[in-house]
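Hello,

Here is the structure I promised to pass on. Have a look at it first, and my notes on what turned up follow below.

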Amino acid sequence: MIAMPAPLITIAEARELVTAAAGPLGVEPVAIAEARDRVLAADVEAMGNVPPFPCSAMDGYAVTAGPADRTLRIAGESRAGAPTGQQLGEGEAIRISTGGAIPAGATAVIPQENVEVVNGSIVTRAAVGEGEHVRHSGEDMRAGTTVLRTGTLLGAGELGAAVSAGAAELIVARRPRVQVLSTGDELRAPGEPLGPGEIHNSNGPMLVALSEHHGAVCPPAGRLPDDRAATEAGLENALENADVVIVTGGVSVGPHDHVKPALAHLGVEQVFWRVALQPGKPTWFGRRGSVLVFGLPGNPVSAVVTFGLFVRPALAALQGRAPDRSLDPEAVLATAVRRNPDREQAMRVRLERENGRLVATPNGPQASHIVTSLLGADALALVPAGEGELEAGATVALEPLPR
Ligand code: AMP
Ligand code: MG
């Protein structure tokens, strides 16, 4: 029996199917020190005002607002962490450091460079207005307001804000467990001497790096020979222990491509196979229960491109991550590009800003085995399917090149 090839679906359709299948994983509490690069799974509210008390923005003297040329007696000191209990009296100044609490009765801070100290008093050399150099309580955060929202990726700034808000631990999405498997009798581990017909397994380490960068925990990557029984055993083990299985190679129609029949036999339901995409046409996606399975093409560039277009959004959805807004949505082509009549092309491009426009230049040869086309590339540019060439200056959509 000759199986009819499945029709090609578009990148957008494939991505929709992937994200629809990727429901959020559970959540867990983590200490702030462990929370970097995790995705927040519960809003963070300020437990109190930040700053908690009115304090000085300068090293100087807490005073009442007033004109220049006043002589004020230095009556005490309010340092950061050591507030004074004193009330500021008529004709007085209290020495204050940055972050020191504003003493009762003071309404402004005069910086030390604007005063002269004479016999235990200051003479103001400038006028100082009401509230000048005073940081107000709650100016940064008001008690009870939401400071960080669910779905936020936690970087240094977010962690700082969470700590200021009073948090010691955060509720974050559980990290997806991603098992990477590479198929191919020709594959050797990094650095291993190569026999005839052999190549180094570059996909394994790349896909682990990409997955970890996008929040996953990866057990050691595995390699599967081009053998039906071994492929099935390796996949079953991965399916039992992972949230996501990424298997590369063996998803085309060659006689040694065992991945699809093995997955079918293991009860992994196919959601799609083959996308109108270059490189990346043989991409396969399916699921068994909540476990997602990606069969990515063996060529390293195809593996990276399809990771970016399909696996990356799945990992984001599993962690409930809000969409990225860092990338410009489109650019114009620097040079004409030959189109593929049937498939959208994901070109590796360098981006430059010229006269306010973002210009995309193909980053060297684009064949799917040219790993060096990833080096120095800034993004993927999507060239729509069609006849002939897409002319220089035409607008192309951009996708992040996964890192
Ligand atoms: P396949 O999809 O198995 O037909 O593989 C397509 C091409 O990608 C072949 O040239 C393979 O040798 C190559 N390839 C497959 N897997 C890897 C890998 N893990 N690392 C580098 N190249 C690979
Ligand atoms: Mg192969």
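**Around the ligand**

Ligand 1 is surrounded by 14 residues, and the closest are Glu186, Asn201, Gly250, Gly298 and Asn299. Please keep in mind as you read that this is a predicted model.

- The side chain of glutamate 186 has an N or O atom 2.5 Å from an oxygen atom of ligand 1.
- Glycine 298 takes part through its backbone, with a polar atom there 3.2 Å from an oxygen atom of ligand 1.
- For asparagine 203, a polar side-chain atom lies 3.3 Å from a nitrogen atom of the ligand.

**Two helices that pack on α6**

Asparagine 203 comes up again in the helix packing. Helix α3 (residues 203–213) packs with helix α6 (residues 300–318) at an angle of about 25 degrees, and their axes are 11 Å apart. Angles under 35 degrees count as roughly parallel, so α3 is roughly parallel to α6. The crossing of these two is right-handed. On the α3 side, the contact is made by Asn203, Met206, Leu207, Leu210 and Ser211, and on the α6 side by Pro300, Ala303, Val304, Phe307 and Leu315. Sorted by type, the residues of this contact are eight nonpolar and two polar, with no charged ones.

Helix α1 (residues 11–21) also packs with α6, here at an angle of about 30 degrees and with the axes 9 Å apart. That angle makes α1 roughly parallel to α6, and α1 and α6 also have a right-handed crossing. From α1, the residues Ile11, Ala14, Arg15, Val18 and Thr19 meet Leu309, Phe310, Arg312, Pro313, Ala314 and Ala317 of α6. This contact divides into eight nonpolar residues, one polar and two charged.

**Backbone details in the loops**

Most residues other than glycine have a negative phi, and most peptide bonds are trans. Which places depart from that here? A cis peptide bond joins valine 50 and proline 51, with omega about -5 degrees; proline 51 sits in the loop between β2 (44–45) and β3 (55–56). Another cis peptide bond, between glutamine 278 and proline 279, has an omega of about -5 degrees. You will find proline 279 in the loop between β19 (277–278) and β20 (284–288). Finally, histidine 133 is not a glycine, yet its phi is positive, at about 60 degrees. Histidine 133 belongs to the loop between β9 (121–124) and β10 (134–135).

Best wishes

Technical notes
Residues are numbered from 1 along each chain as its sequence is written. Chains are lettered from A and ligands numbered from 1 in the order in which they are written. This is a predicted model: local features need pLDDT of at least 70, side-chain atom pairs count only at pLDDT 80 or more; totals for chains, interfaces and linings use all residues. Side-chain values use heavy atoms; hydrogens and water are left out. Axes are lines fitted to C-alpha atoms, for helices over the stretch in contact, and angles run from 0 to 180 degrees between N-to-C directions. Helices (H or I, at least four residues) and strands (E, at least two) are DSSP runs, numbered from the N terminus. Angles under 35 degrees count as roughly parallel, over 145 as roughly antiparallel, 65 to 115 as roughly perpendicular and the rest as oblique. A crossing is left-handed if the near helix is turned anticlockwise from the far one by less than a right angle, and right-handed if clockwise. Contact means heavy atoms within 4.5 Å. Ala, Val, Leu, Ile, Met, Phe, Trp, Tyr, Cys and Pro count as nonpolar, Asp, Glu, Lys and Arg as charged, and the others, Gly among them, as polar. A residue is near a molecule or strand if one of its heavy atoms lies within 4 Å of it. A polar contact is a pair of N or O atoms within 3.5 Å; within protein, one must be able to donate a hydrogen and the other to accept it, and residues adjacent in sequence count only if both atoms are side-chain atoms.
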